[in-house]
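Here is a guided walk through one protein model and the ligands it holds. Keep the sequence and the 3D view side by side as you read.

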Amino acid sequence: MLDKSCHIITFGCQMNVRDSQWLGRVLYARGFRQTPLEEAQVVVVNTCSVREKPELKVMSTLGRIRQATGGNPRVLVCVTGCVAQQLGKALFEREHQVRLVAGSDGIAAAPQAIERLLEEPDLRIDLLDFTNHYVERESAPAPDGKGEPSAYVNIMQGCDNFCSYCIVPFTRGRQKSRGSNAILEECRHAIAEGAREITLLGQNVNAFGRDKNGDGTSFAELLHHVANLPGLERLRYVTPHPRDMGPDDIAAFKELPQLCPRLHLPMQSGSDAILTSMRRRYNSKDFLNLVEKLRKARPDLALSTDLIVGFPGETEQDFQATLRMVRECGFMSSFSFCYSDRPGARAVLFPHKVSAEVAQDRLLRLQELQDDLGRAWLEKRTGSTTTLLIEGRSPRDWQGEEPAWQGRDPYGIPVHVELPAGRDHTGQMVPVSITQAKKHSLMGRRLVQTFS
Ligand code: SAH
Ligand code: SF4
Ligand code: F3S
(Lines give C-alpha, C1' and ligand atoms only; values in the text may rest on other atoms or scores of the structure.)
(Ligands and ions follow the chains in the order given, each with its own letter.)
Protein backbone atom coordinates (compact mmCIF):
# COMPACT_ATOMS: atom_id res chain seq x y z
CA MET A 1 0.00 0.00 0.00
CA LEU A 2 1.52 3.34 -1.07
CA ASP A 3 1.77 6.24 1.33
CA LYS A 4 -0.16 8.90 -0.54
CA SER A 5 0.91 12.03 1.26
CA CYS A 6 2.02 15.23 -0.42
CA HIS A 7 3.29 18.70 0.29
CA ILE A 8 3.26 21.52 -2.28
CA ILE A 9 5.51 24.58 -2.09
CA THR A 10 4.67 27.48 -4.40
CA PHE A 11 6.70 30.42 -5.67
CA GLY A 12 5.84 33.03 -8.29
CA CYS A 13 2.82 34.63 -9.85
CA GLN A 14 -0.90 33.89 -9.60
CA MET A 15 -0.60 31.46 -12.51
CA ASN A 16 1.64 29.33 -10.34
CA VAL A 17 -0.72 29.70 -7.39
CA ARG A 18 -3.51 28.44 -9.61
CA ASP A 19 -1.37 25.57 -10.99
CA SER A 20 -0.52 24.47 -7.45
CA GLN A 21 -4.15 24.62 -6.38
CA TRP A 22 -5.10 22.54 -9.41
CA LEU A 23 -2.40 19.96 -8.73
CA GLY A 24 -3.36 19.78 -5.05
CA ARG A 25 -6.99 19.15 -5.93
CA VAL A 26 -6.22 16.50 -8.55
CA LEU A 27 -3.91 14.67 -6.16
CA TYR A 28 -6.54 14.90 -3.45
CA ALA A 29 -9.10 13.36 -5.82
CA ARG A 30 -6.60 10.50 -6.36
CA GLY A 31 -6.40 9.79 -2.66
CA PHE A 32 -3.46 11.95 -1.59
CA ARG A 33 -3.61 13.92 1.63
CA GLN A 34 -1.67 17.10 2.33
CA THR A 35 0.89 16.79 5.13
CA PRO A 36 3.71 18.85 6.61
CA LEU A 37 6.95 18.67 4.64
CA GLU A 38 8.68 16.32 7.12
CA GLU A 39 5.96 13.67 6.70
CA ALA A 40 5.37 13.90 2.94
CA GLN A 41 6.08 11.07 0.50
CA VAL A 42 5.74 13.46 -2.45
CA VAL A 43 7.04 17.03 -2.35
CA VAL A 44 6.24 19.40 -5.22
CA VAL A 45 8.14 22.65 -5.67
CA ASN A 46 6.32 24.90 -8.14
CA THR A 47 8.93 27.41 -9.19
CA CYS A 48 9.46 30.92 -10.58
CA SER A 49 12.49 32.17 -12.47
CA VAL A 50 11.43 35.70 -13.34
CA ARG A 51 14.34 37.20 -11.40
CA GLU A 52 17.55 35.76 -10.07
CA LYS A 53 16.40 35.79 -6.44
CA PRO A 54 13.40 33.48 -6.85
CA GLU A 55 15.56 31.07 -8.84
CA LEU A 56 18.11 30.95 -6.03
CA LYS A 57 15.28 30.39 -3.57
CA VAL A 58 14.32 27.23 -5.44
CA MET A 59 17.83 25.86 -5.00
CA SER A 60 17.83 26.60 -1.28
CA THR A 61 14.37 25.03 -1.00
CA LEU A 62 15.69 21.77 -2.49
CA GLY A 63 18.38 21.80 0.21
CA ARG A 64 15.75 22.47 2.88
CA ILE A 65 13.68 19.51 1.63
CA ARG A 66 16.73 17.24 1.75
CA GLN A 67 17.32 18.25 5.36
CA ALA A 68 13.69 17.97 6.42
CA THR A 69 13.35 14.50 4.89
CA GLY A 70 16.78 13.29 5.96
CA GLY A 71 17.72 12.89 2.28
CA ASN A 72 15.45 9.81 2.13
CA PRO A 73 15.68 8.52 -1.48
CA ARG A 74 12.12 7.19 -1.20
CA VAL A 75 10.80 10.74 -0.91
CA LEU A 76 9.79 11.88 -4.40
CA VAL A 77 10.65 15.50 -5.12
CA CYS A 78 8.98 17.08 -8.17
CA VAL A 79 10.06 20.40 -9.63
CA THR A 80 7.39 22.12 -11.75
CA GLY A 81 6.94 25.59 -13.22
CA CYS A 82 9.34 28.05 -14.75
CA VAL A 83 12.66 26.94 -13.24
CA ALA A 84 11.80 23.37 -14.25
CA GLN A 85 11.23 24.59 -17.81
CA GLN A 86 14.42 26.65 -17.75
CA LEU A 87 16.85 24.14 -16.23
CA GLY A 88 15.15 20.92 -17.35
CA LYS A 89 16.98 17.64 -16.76
CA ALA A 90 19.93 19.44 -15.15
CA LEU A 91 17.76 19.48 -12.00
CA PHE A 92 18.16 15.68 -11.73
CA GLU A 93 21.90 16.25 -11.28
CA ARG A 94 21.44 18.98 -8.68
CA GLU A 95 19.48 16.86 -6.23
CA HIS A 96 19.13 13.07 -6.20
CA GLN A 97 15.60 13.23 -4.70
CA VAL A 98 14.31 15.08 -7.78
CA ARG A 99 12.68 12.49 -10.06
CA LEU A 100 10.08 14.59 -11.86
CA VAL A 101 10.74 17.79 -13.78
CA ALA A 102 7.62 19.23 -15.38
CA GLY A 103 7.53 22.51 -17.29
CA SER A 104 4.70 24.90 -18.10
CA ASP A 105 2.74 22.60 -20.42
CA GLY A 106 4.10 19.39 -18.90
CA ILE A 107 2.48 20.00 -15.53
CA ALA A 108 -0.84 18.83 -17.04
CA ALA A 109 0.54 15.26 -17.01
CA ALA A 110 2.21 15.56 -13.60
CA PRO A 111 -0.47 13.65 -11.60
CA GLN A 112 -0.10 10.50 -13.71
CA ALA A 113 3.70 10.84 -13.66
CA ILE A 114 3.70 11.12 -9.85
CA GLU A 115 1.67 7.92 -9.47
CA ARG A 116 3.98 6.07 -11.83
CA LEU A 117 7.12 7.32 -10.08
CA LEU A 118 5.80 6.09 -6.74
CA GLU A 119 5.45 2.60 -8.24
CA GLU A 120 8.88 2.68 -9.89
CA PRO A 121 11.50 4.09 -7.51
CA ASP A 122 14.34 3.97 -10.08
CA LEU A 123 12.49 5.97 -12.71
CA ARG A 124 12.89 9.66 -13.57
CA ILE A 125 10.47 11.57 -15.77
CA ASP A 126 10.84 14.90 -17.54
CA LEU A 127 7.87 16.66 -19.12
CA LEU A 128 9.43 19.60 -20.89
CA ASP A 129 7.89 19.83 -24.35
CA PHE A 130 5.79 22.81 -25.33
CA THR A 131 2.54 22.07 -27.12
CA ASN A 132 1.23 24.34 -29.83
CA HIS A 133 -2.25 24.59 -28.38
CA TYR A 134 -3.59 25.33 -24.89
CA VAL A 135 -3.59 22.06 -22.96
CA GLU A 136 -6.93 21.45 -21.25
CA ARG A 137 -6.36 19.82 -17.90
CA GLU A 138 -8.16 17.14 -16.04
CA SER A 139 -10.95 18.83 -14.07
CA ALA A 140 -10.15 19.47 -10.45
CA PRO A 141 -13.21 19.77 -8.25
CA ALA A 142 -12.83 21.45 -4.87
CA PRO A 143 -12.70 19.01 -1.95
CA ASP A 144 -16.29 18.35 -0.75
CA GLY A 145 -17.51 20.61 -3.56
CA LYS A 146 -16.68 23.70 -1.50
CA GLY A 147 -14.24 26.06 -3.21
CA GLU A 148 -12.78 29.43 -2.28
CA PRO A 149 -14.96 32.58 -2.46
CA SER A 150 -12.39 33.97 -4.88
CA ALA A 151 -11.29 31.77 -7.80
CA TYR A 152 -8.51 32.03 -10.38
CA VAL A 153 -9.22 30.93 -13.96
CA ASN A 154 -6.53 30.68 -16.65
CA ILE A 155 -7.43 32.17 -20.02
CA MET A 156 -4.14 31.68 -21.82
CA GLN A 157 -0.64 30.35 -21.52
CA GLY A 158 2.67 32.01 -22.48
CA CYS A 159 3.57 35.38 -23.92
CA ASP A 160 4.71 36.72 -27.31
CA ASN A 161 5.93 40.13 -26.19
CA PHE A 162 9.58 39.40 -25.57
CA CYS A 163 10.21 42.45 -23.39
CA SER A 164 13.98 42.65 -23.41
CA TYR A 165 14.45 41.81 -19.71
CA CYS A 166 11.95 38.97 -19.46
CA ILE A 167 12.35 35.21 -19.30
CA VAL A 168 8.61 34.41 -19.38
CA PRO A 169 8.29 33.86 -23.17
CA PHE A 170 11.02 31.20 -22.78
CA THR A 171 9.67 29.52 -19.67
CA ARG A 172 5.95 29.70 -20.46
CA GLY A 173 6.36 29.48 -24.21
CA ARG A 174 4.53 31.31 -26.97
CA GLN A 175 1.08 32.71 -26.39
CA LYS A 176 -1.75 30.18 -26.57
CA SER A 177 -5.29 31.34 -25.89
CA ARG A 178 -7.68 28.95 -24.25
CA GLY A 179 -11.07 28.34 -25.88
CA SER A 180 -13.74 30.67 -24.49
CA ASN A 181 -16.20 27.81 -23.93
CA ALA A 182 -13.74 25.98 -21.69
CA ILE A 183 -13.06 29.21 -19.78
CA LEU A 184 -16.77 29.85 -19.24
CA GLU A 185 -17.33 26.25 -18.18
CA GLU A 186 -14.60 26.51 -15.55
CA CYS A 187 -16.05 29.83 -14.34
CA ARG A 188 -19.52 28.25 -13.99
CA HIS A 189 -18.02 25.38 -12.00
CA ALA A 190 -16.18 27.79 -9.70
CA ILE A 191 -19.40 29.71 -9.08
CA ALA A 192 -21.28 26.47 -8.38
CA GLU A 193 -18.57 25.65 -5.80
CA GLY A 194 -19.12 28.96 -4.04
CA ALA A 195 -16.94 31.52 -5.85
CA ARG A 196 -18.35 35.05 -5.80
CA GLU A 197 -15.27 36.56 -7.41
CA ILE A 198 -13.24 35.40 -10.40
CA THR A 199 -9.80 36.60 -11.47
CA LEU A 200 -8.90 35.81 -15.08
CA LEU A 201 -5.22 35.00 -15.48
CA GLY A 202 -2.68 35.37 -18.26
CA GLN A 203 0.68 37.05 -18.92
CA ASN A 204 -0.86 39.47 -21.41
CA VAL A 205 -4.60 39.16 -21.12
CA ASN A 206 -5.48 41.95 -23.56
CA ALA A 207 -3.91 39.90 -26.34
CA PHE A 208 -6.32 37.05 -25.57
CA GLY A 209 -7.68 35.47 -28.76
CA ARG A 210 -5.14 37.18 -31.03
CA ASP A 211 -2.95 34.10 -31.52
CA LYS A 212 -3.75 31.21 -33.83
CA ASN A 213 -5.51 29.35 -31.04
CA GLY A 214 -8.06 32.15 -30.65
CA ASP A 215 -11.69 31.19 -31.27
CA GLY A 216 -12.81 34.65 -32.44
CA THR A 217 -13.69 35.90 -28.95
CA SER A 218 -11.82 39.07 -27.95
CA PHE A 219 -10.75 39.83 -24.40
CA ALA A 220 -13.46 42.48 -23.99
CA GLU A 221 -16.10 40.02 -25.23
CA LEU A 222 -14.83 37.42 -22.80
CA LEU A 223 -15.12 39.94 -19.96
CA HIS A 224 -18.75 40.55 -20.89
CA HIS A 225 -19.53 36.81 -21.03
CA VAL A 226 -17.91 36.10 -17.66
CA ALA A 227 -19.35 39.18 -15.94
CA ASN A 228 -22.86 38.10 -16.89
CA LEU A 229 -22.63 34.61 -15.43
CA PRO A 230 -25.39 34.29 -12.82
CA GLY A 231 -24.06 34.37 -9.26
CA LEU A 232 -20.86 36.27 -10.00
CA GLU A 233 -20.41 39.43 -7.94
CA ARG A 234 -16.91 40.49 -8.90
CA LEU A 235 -14.55 40.13 -11.83
CA ARG A 236 -10.83 40.97 -11.98
CA TYR A 237 -7.91 40.16 -14.27
CA VAL A 238 -4.09 40.12 -14.35
CA THR A 239 -1.94 41.02 -16.20
CA PRO A 240 -2.85 43.63 -18.78
CA HIS A 241 -0.27 45.20 -21.09
CA PRO A 242 -0.60 48.98 -21.55
CA ARG A 243 0.11 48.70 -25.26
CA ASP A 244 -2.52 46.05 -25.91
CA MET A 245 -5.37 47.62 -23.90
CA GLY A 246 -7.86 48.62 -26.58
CA PRO A 247 -10.92 50.91 -26.44
CA ASP A 248 -13.23 47.96 -25.75
CA ASP A 249 -11.13 46.86 -22.78
CA ILE A 250 -11.29 50.42 -21.41
CA ALA A 251 -15.04 50.66 -22.04
CA ALA A 252 -15.59 47.45 -20.07
CA PHE A 253 -14.77 49.42 -16.91
CA LYS A 254 -17.73 51.67 -17.67
CA GLU A 255 -20.07 48.96 -18.90
CA LEU A 256 -19.54 46.18 -16.39
CA PRO A 257 -20.37 46.91 -12.75
CA GLN A 258 -18.97 43.48 -11.83
CA LEU A 259 -15.51 44.52 -13.05
CA CYS A 260 -13.74 45.78 -9.91
CA PRO A 261 -12.40 49.35 -9.90
CA ARG A 262 -8.82 48.15 -9.49
CA LEU A 263 -6.28 47.53 -12.21
CA HIS A 264 -2.73 46.25 -11.90
CA LEU A 265 -1.11 47.94 -14.89
CA PRO A 266 2.65 47.32 -15.15
CA MET A 267 4.51 50.47 -16.16
CA GLN A 268 8.07 49.15 -15.56
CA SER A 269 9.73 52.58 -16.05
CA GLY A 270 8.77 56.23 -16.49
CA SER A 271 11.66 57.01 -18.83
CA ASP A 272 10.99 56.90 -22.56
CA ALA A 273 14.55 55.85 -23.38
CA ILE A 274 14.35 52.93 -20.95
CA LEU A 275 10.87 51.93 -22.09
CA THR A 276 12.17 51.75 -25.66
CA SER A 277 15.12 49.67 -24.63
CA MET A 278 12.82 47.41 -22.60
CA ARG A 279 10.77 46.93 -25.80
CA ARG A 280 7.58 47.84 -24.01
CA ARG A 281 6.20 49.56 -27.15
CA TYR A 282 4.69 52.56 -25.31
CA ASN A 283 6.13 55.78 -23.94
CA SER A 284 5.28 57.80 -20.85
CA LYS A 285 2.77 59.93 -22.77
CA ASP A 286 0.92 56.85 -24.08
CA PHE A 287 0.80 55.51 -20.54
CA LEU A 288 -0.61 58.76 -19.12
CA ASN A 289 -3.20 58.90 -21.91
CA LEU A 290 -4.27 55.38 -21.10
CA VAL A 291 -4.55 56.20 -17.39
CA GLU A 292 -6.66 59.22 -18.21
CA LYS A 293 -9.01 57.21 -20.42
CA LEU A 294 -9.33 54.49 -17.80
CA ARG A 295 -10.13 57.01 -15.07
CA LYS A 296 -12.68 58.65 -17.33
CA ALA A 297 -14.37 55.28 -17.88
CA ARG A 298 -14.23 54.52 -14.14
CA PRO A 299 -13.61 57.56 -11.93
CA ASP A 300 -13.03 55.46 -8.80
CA LEU A 301 -10.42 53.24 -10.48
CA ALA A 302 -7.34 52.52 -8.34
CA LEU A 303 -4.14 51.62 -10.15
CA SER A 304 -1.18 49.56 -9.04
CA THR A 305 1.90 48.67 -11.03
CA ASP A 306 5.20 46.81 -11.48
CA LEU A 307 8.47 48.75 -11.73
CA ILE A 308 12.05 47.78 -12.51
CA VAL A 309 14.96 49.95 -11.37
CA GLY A 310 18.58 49.69 -12.50
CA PHE A 311 17.76 48.50 -16.02
CA PRO A 312 20.96 48.63 -18.16
CA GLY A 313 21.68 52.24 -19.11
CA GLU A 314 19.28 53.73 -16.52
CA THR A 315 20.63 57.13 -15.43
CA GLU A 316 19.60 59.13 -12.38
CA GLN A 317 17.53 61.25 -14.77
CA ASP A 318 15.71 58.18 -16.10
CA PHE A 319 15.05 57.14 -12.54
CA GLN A 320 13.72 60.61 -11.69
CA ALA A 321 11.30 60.22 -14.61
CA THR A 322 10.02 57.02 -13.00
CA LEU A 323 9.51 58.80 -9.67
CA ARG A 324 7.61 61.60 -11.45
CA MET A 325 5.37 59.14 -13.28
CA VAL A 326 4.64 57.19 -10.09
CA ARG A 327 3.53 60.44 -8.44
CA GLU A 328 1.54 61.55 -11.45
CA CYS A 329 -0.31 58.25 -11.80
CA GLY A 330 -0.90 58.08 -8.03
CA PHE A 331 -0.44 54.31 -7.80
CA MET A 332 -2.07 52.88 -4.69
CA SER A 333 0.66 50.22 -4.55
CA SER A 334 3.45 48.79 -6.63
CA PHE A 335 5.81 45.87 -6.84
CA SER A 336 9.31 47.12 -7.56
CA PHE A 337 12.41 45.14 -8.35
CA CYS A 338 16.10 45.61 -9.13
CA TYR A 339 16.79 44.48 -12.67
CA SER A 340 18.52 41.11 -12.95
CA ASP A 341 19.92 39.39 -16.05
CA ARG A 342 17.84 36.43 -17.15
CA PRO A 343 19.17 33.74 -19.49
CA GLY A 344 17.89 34.12 -23.04
CA ALA A 345 16.53 37.64 -22.52
CA ARG A 346 18.07 40.26 -24.81
CA ALA A 347 18.99 42.75 -22.11
CA VAL A 348 21.69 40.34 -20.93
CA LEU A 349 23.75 41.68 -23.83
CA PHE A 350 23.04 45.37 -23.15
CA PRO A 351 25.98 47.52 -22.05
CA HIS A 352 26.04 50.01 -19.15
CA LYS A 353 24.85 47.67 -16.45
CA VAL A 354 23.88 49.55 -13.28
CA SER A 355 25.77 48.57 -10.13
CA ALA A 356 23.92 46.67 -7.41
CA GLU A 357 24.51 49.54 -4.93
CA VAL A 358 23.01 52.18 -7.22
CA ALA A 359 20.04 49.96 -8.10
CA GLN A 360 19.39 49.16 -4.44
CA ASP A 361 19.53 52.83 -3.50
CA ARG A 362 16.99 53.67 -6.22
CA LEU A 363 14.77 50.82 -5.10
CA LEU A 364 14.68 52.16 -1.54
CA ARG A 365 13.92 55.71 -2.71
CA LEU A 366 11.16 54.44 -4.96
CA GLN A 367 9.67 52.31 -2.20
CA GLU A 368 9.71 55.26 0.19
CA LEU A 369 7.66 57.29 -2.26
CA GLN A 370 5.30 54.38 -2.83
CA ASP A 371 4.84 53.87 0.91
CA ASP A 372 3.76 57.52 1.23
CA LEU A 373 1.34 57.22 -1.68
CA GLY A 374 -0.04 53.93 -0.38
CA ARG A 375 -0.55 55.25 3.13
CA ALA A 376 -2.30 58.38 1.86
CA TRP A 377 -4.54 56.26 -0.38
CA LEU A 378 -5.54 53.97 2.49
CA GLU A 379 -6.09 56.89 4.84
CA LYS A 380 -8.42 58.56 2.37
CA ARG A 381 -10.63 55.52 2.61
CA THR A 382 -11.51 56.02 6.28
CA GLY A 383 -15.09 57.14 6.72
CA SER A 384 -16.17 55.64 3.38
CA THR A 385 -18.56 52.75 3.00
CA THR A 386 -17.86 49.67 0.92
CA THR A 387 -18.72 45.99 0.54
CA LEU A 388 -16.50 43.11 1.60
CA LEU A 389 -16.31 39.63 0.23
CA ILE A 390 -15.52 37.64 3.37
CA GLU A 391 -12.65 35.19 2.88
CA GLY A 392 -12.36 33.70 6.34
CA ARG A 393 -11.38 34.38 9.94
CA SER A 394 -9.04 37.31 10.44
CA PRO A 395 -5.44 36.37 11.18
CA ARG A 396 -5.33 39.32 13.57
CA ASP A 397 -7.91 38.52 16.24
CA TRP A 398 -8.09 41.54 18.52
CA GLN A 399 -10.49 39.92 20.99
CA GLY A 400 -13.34 42.32 20.35
CA GLU A 401 -16.94 41.68 21.36
CA GLU A 402 -17.51 39.51 18.32
CA PRO A 403 -15.19 37.26 16.27
CA ALA A 404 -12.86 38.94 13.78
CA TRP A 405 -13.17 38.16 10.08
CA GLN A 406 -11.24 39.22 7.01
CA GLY A 407 -12.67 40.21 3.66
CA ARG A 408 -11.58 42.18 0.66
CA ASP A 409 -13.09 45.36 -0.68
CA PRO A 410 -13.54 45.92 -4.43
CA TYR A 411 -9.98 47.31 -4.55
CA GLY A 412 -8.61 44.02 -3.25
CA ILE A 413 -7.53 45.51 0.09
CA PRO A 414 -7.84 43.21 3.12
CA VAL A 415 -10.34 44.63 5.61
CA HIS A 416 -10.79 43.28 9.15
CA VAL A 417 -14.25 43.35 10.67
CA GLU A 418 -16.16 41.89 13.61
CA LEU A 419 -19.13 39.76 12.61
CA PRO A 420 -21.81 38.00 14.68
CA ALA A 421 -20.66 34.84 16.44
CA GLY A 422 -22.03 31.38 15.72
CA ARG A 423 -22.01 31.57 11.92
CA ASP A 424 -19.55 30.94 9.09
CA HIS A 425 -19.49 34.19 7.11
CA THR A 426 -17.09 32.92 4.42
CA GLY A 427 -18.32 33.91 0.97
CA GLN A 428 -20.79 36.51 2.27
CA MET A 429 -20.95 40.05 0.90
CA VAL A 430 -20.96 42.38 3.91
CA PRO A 431 -21.45 46.16 3.80
CA VAL A 432 -19.06 48.01 6.11
CA SER A 433 -17.82 51.47 6.92
CA ILE A 434 -14.06 51.94 7.07
CA THR A 435 -12.94 53.03 10.51
CA GLN A 436 -9.15 52.94 10.39
CA ALA A 437 -6.21 52.52 8.02
CA LYS A 438 -3.35 50.18 8.92
CA LYS A 439 -0.10 49.85 6.95
CA HIS A 440 -1.42 47.48 4.28
CA SER A 441 -4.97 46.85 5.39
CA LEU A 442 -8.09 48.52 6.75
CA MET A 443 -10.39 48.10 9.72
CA GLY A 444 -14.14 48.18 9.14
CA ARG A 445 -17.41 48.17 11.05
CA ARG A 446 -20.37 46.19 9.81
CA LEU A 447 -23.20 48.37 8.60
CA VAL A 448 -26.42 47.03 10.00
CA GLN A 449 -29.20 47.51 7.54
CA THR A 450 -32.22 49.22 9.05
CA PHE A 451 -35.63 48.80 7.58
CA SER A 452 -38.16 51.55 8.02
N1 SAH B 1 3.22 39.77 -17.74
C2 SAH B 1 3.42 40.72 -16.75
C3 SAH B 1 4.30 40.27 -15.59
C4 SAH B 1 5.57 39.57 -15.88
S5 SAH B 1 6.65 39.12 -14.60
C6 SAH B 1 3.85 42.01 -17.40
O7 SAH B 1 3.86 42.12 -18.58
O8 SAH B 1 4.16 42.97 -16.72
C9 SAH B 1 6.31 40.16 -13.23
C10 SAH B 1 7.21 41.33 -13.07
O11 SAH B 1 8.54 40.95 -12.82
C12 SAH B 1 7.32 42.23 -14.29
O13 SAH B 1 6.24 43.09 -14.42
C14 SAH B 1 8.60 42.98 -14.03
O15 SAH B 1 8.38 44.16 -13.30
C16 SAH B 1 9.41 42.00 -13.18
N17 SAH B 1 10.53 41.45 -13.95
C18 SAH B 1 10.47 40.65 -15.04
N19 SAH B 1 11.71 40.35 -15.48
C20 SAH B 1 12.59 40.98 -14.64
C21 SAH B 1 14.01 41.07 -14.59
N22 SAH B 1 14.80 40.46 -15.48
N23 SAH B 1 14.55 41.80 -13.59
C24 SAH B 1 13.78 42.43 -12.68
N25 SAH B 1 12.44 42.39 -12.69
C26 SAH B 1 11.84 41.67 -13.67
FE1 SF4 C 1 7.38 39.29 -19.76
FE2 SF4 C 1 6.74 41.39 -21.21
FE3 SF4 C 1 5.43 39.10 -21.54
FE4 SF4 C 1 5.07 40.51 -19.33
S5 SF4 C 1 4.54 41.16 -21.41
S6 SF4 C 1 5.41 38.31 -19.47
S7 SF4 C 1 7.06 41.39 -18.97
S8 SF4 C 1 7.58 39.45 -22.02
FE1 F3S D 1 7.54 33.46 -12.34
FE2 F3S D 1 6.91 31.92 -14.34
FE3 F3S D 1 5.06 33.40 -13.18
S4 F3S D 1 8.76 33.07 -14.16
S5 F3S D 1 6.21 35.17 -12.55
S6 F3S D 1 6.15 31.75 -12.25
S7 F3S D 1 5.22 32.96 -15.34
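His352 is exposed, because its relative accessible area is 62%. This is a predicted model. His352 sits in the loop between S14 and helix H13 (356-380). Its backbone is worth a look. Phi of His352 is near 60 degrees, a positive value in a residue other than glycine. Most residues other than glycine have a negative phi, and most peptide bonds are trans.

Arg281 also has a positive phi, near 65 degrees, and is not a glycine either. Find Arg281 in the loop between helix H10 (272-277) and helix H11 (284-297). Is Arg281 buried, exposed or partly exposed? With a relative accessible area of 36%, Arg281 is partly exposed. The limits for that class are 20% and 50%.

Now turn to a peptide bond. Val238 and Thr239 are joined by a cis peptide bond, with omega about 0 degrees. Thr239 belongs to the loop between strand S11 (234-238) and helix H9 (247-255).

Next come the ligands. Start with ligand 1. Around ligand 1 there are 15 residues, and those that come nearest are Arg51, Gln203, Gln268, Asp306 and Ser340. By class, the shell around ligand 1 holds 7 nonpolar, 4 polar and 4 charged residues. Domain 2 (136-260) and domain 3 (265-381) each supply at least three residues to this shell.

Which atoms of the protein approach ligand 1? In the side chain of Asp306, an N or O atom is 2.6 Å from an oxygen atom of ligand 1. The side chain of Gln268 has an N or O atom 2.7 Å from an oxygen atom of ligand 1. Tyr165 uses its backbone: one of its backbone N or O atoms lies 2.9 Å from a nitrogen atom of ligand 1. How much of the accessible area of ligand 1 does the protein cover? On its own, ligand 1 has 540 Å² of accessible area, and the protein covers 91% of it. Two elements give two or more residues to the shell around ligand 1: strand S13 (302-309) and strand S14 (333-338).

Move on to ligand 2. Its surroundings are Cys159, Asn161, Phe162, Cys163, Tyr165, Cys166, Val168, Pro169, Gln203, His241 and Arg280. Sorted by class, this shell has 7 nonpolar, 3 polar and 1 charged residues. Cys163 counts as buried because its relative accessibility is 9%. Cys166 has a relative accessibility of 14%, so Cys166 counts as buried too. Both values are set against a limit of 20%.

Ligand 3 has a shell of its own. Cys13, Asn16, Thr47, Cys48, Ser49, Val50, Cys82, Arg172 and Gln203 surround ligand 3. They divide into 4 nonpolar, 4 polar and 1 charged. Gln203 is listed around ligand 3, around ligand 2, and among the residues that come nearest to ligand 1.

With cysteines in view, how many disulfides are there? A disulfide is a covalent bond between the sulfur atoms of two cysteines. To count here, the two sulfur atoms must lie within 2.5 Å. By this rule the count is 0 disulfides.

Asn204 lies in the loop between strand S10 (197-201) and helix H8 (219-227). Asn204 is buried, because its relative accessibility is 2%. The side chain of Asn204 makes a polar contact of 3.0 Å with the side chain of Asp244.

End with two pairs that set sequence against space. Thr386 is part of strand S15 (residues 385-393). Thr386 is buried, because its relative accessible area is 11%. In sequence, Thr386 and Gly444 are 58 residues apart; in space, C-alpha to C-alpha, they are 9.1 Å apart.

Look for Val135 in the loop between strand S6 (125-127) and strand S7 (150-154). Val135 is partly exposed, because its relative accessible area is 21%. Val135 and Gly71 are 64 residues apart in sequence, and their C-alpha atoms are 34 Å apart in space.

Definitions and conventions:
Residues are numbered from 1 along each chain as its sequence is written. Chains are lettered from A and ligands numbered from 1 in the order in which they are written. This is a predicted model: local features need pLDDT of at least 70, side-chain atom pairs count only at pLDDT 80 or more; totals for chains, interfaces and linings use all residues. Side-chain values use heavy atoms; hydrogens and water are left out. A residue is near a molecule or strand if one of its heavy atoms lies within 4 Å of it. Ala, Val, Leu, Ile, Met, Phe, Trp, Tyr, Cys and Pro count as nonpolar, Asp, Glu, Lys and Arg as charged, and the others, Gly among them, as polar. A polar contact is a pair of N or O atoms within 3.5 Å; within protein, one must be able to donate a hydrogen and the other to accept it, and residues adjacent in sequence count only if both atoms are side-chain atoms. Accessible areas come from the Shrake-Rupley method with a 1.4 Å probe; for residues, only the protein chains shown count as cover. Helices (H or I, at least four residues) and strands (E, at least two) are DSSP runs, numbered from the N terminus. Domain bounds come from an automatic or database domain assignment. Buried means under 20% relative accessible area, exposed over 50%, partly exposed in between (1.4 Å probe, protein chains only).
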